[in-house]
Amino acid sequence: MFLWYVINTYSGHENKVKANLEHRIISMGQQSRFRRVVVPTESVIETKDGQKVQAEKRVLPGYVLVNMNLDDEAWILVKNTPGVTGFVGSGSKPVPLSEGEIERILHTGKSQGEGARPRAQVEFSLGESVKITSGHLADFDGEIVDVNPDQQKLKVLVNIFERQVPVELSFEMVKKLD
């Protein structure tokens, strides 16, 4: 019976483990025991140097999902793959993921339907100092007092005529001060 299992890997080596495992499955003639090897990712929009950039981000850093028919040979093949530190489960027995868990993990970012837009990556935090890069208040500095990731807006306190004035700005209108 084919079920989804979670493999623990070294963080940052997920794609390498996936490639190694797929290569070992083919070279050892074990394709009948394995269906898919997946590194779950989601699309996020990051703001870098005032530019919006779409990027892929790992949903579960340090883990790879495998849809397989678990028996002793399949377990040994996976366990002896370079970069694999073990299966996720209680004790020495791997625990398969439920259908609900696997649906949620593999469809991250698509919960509003197939055409869902990528989630914005929030790189701002409360109390952080920023410089306004565009708009009427360009070149002013301020302090973040509110972050709204859904609308990609910030509320920034700007010192105008010796008074603290709250101003609502979009993420791309500001940059962090170093």
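Which residues does Arg 24 touch, not counting residues up to four places away in sequence?

1. Arg 24 touches Ile 76, Leu 77, Asn 80, Thr 81 and Pro 82, where contact means heavy atoms within 4.5 Å. Arg 24 itself lies in helix α1 (residues 14-27); helices (H or I, at least four residues) and strands (E, at least two) are DSSP runs, numbered from the N terminus.

2. The model is predicted: local features need pLDDT of at least 70 and side-chain atom pairs pLDDT 80 or more, while totals for chains, interfaces and linings use all residues. Residues are numbered from 1 along each chain as its sequence is written, and side-chain values use heavy atoms, without hydrogens and water.

3. Arg 24 is buried yet has no salt bridge; Glu 73, the nearest side chain of opposite charge, is 11 Å away. Buried means under 20% relative accessible area, exposed over 50%, partly exposed in between (1.4 Å probe, protein chains only). A salt bridge requires a side-chain nitrogen of Lys or Arg within 4 Å of a carboxyl oxygen of Asp or Glu; Lys and Arg count as positive, Asp and Glu as negative, with His and the chain ends not counted.

4. Arg 35 lies over the face of Phe 2, at 4.0 Å from the ring centre. The criterion is NZ of Lys or CZ of Arg within 6 Å of the ring centre and within 35 degrees of the ring normal.

5. Glu 172 lies in the loop between β11 (163-170) and β12 (174-176). Glu 172 counts as partly exposed because its relative accessible area is 32%. Between Glu 172 and Ser 134 the C-alpha to C-alpha distance is 8.5 Å, at 38 residues apart in sequence.
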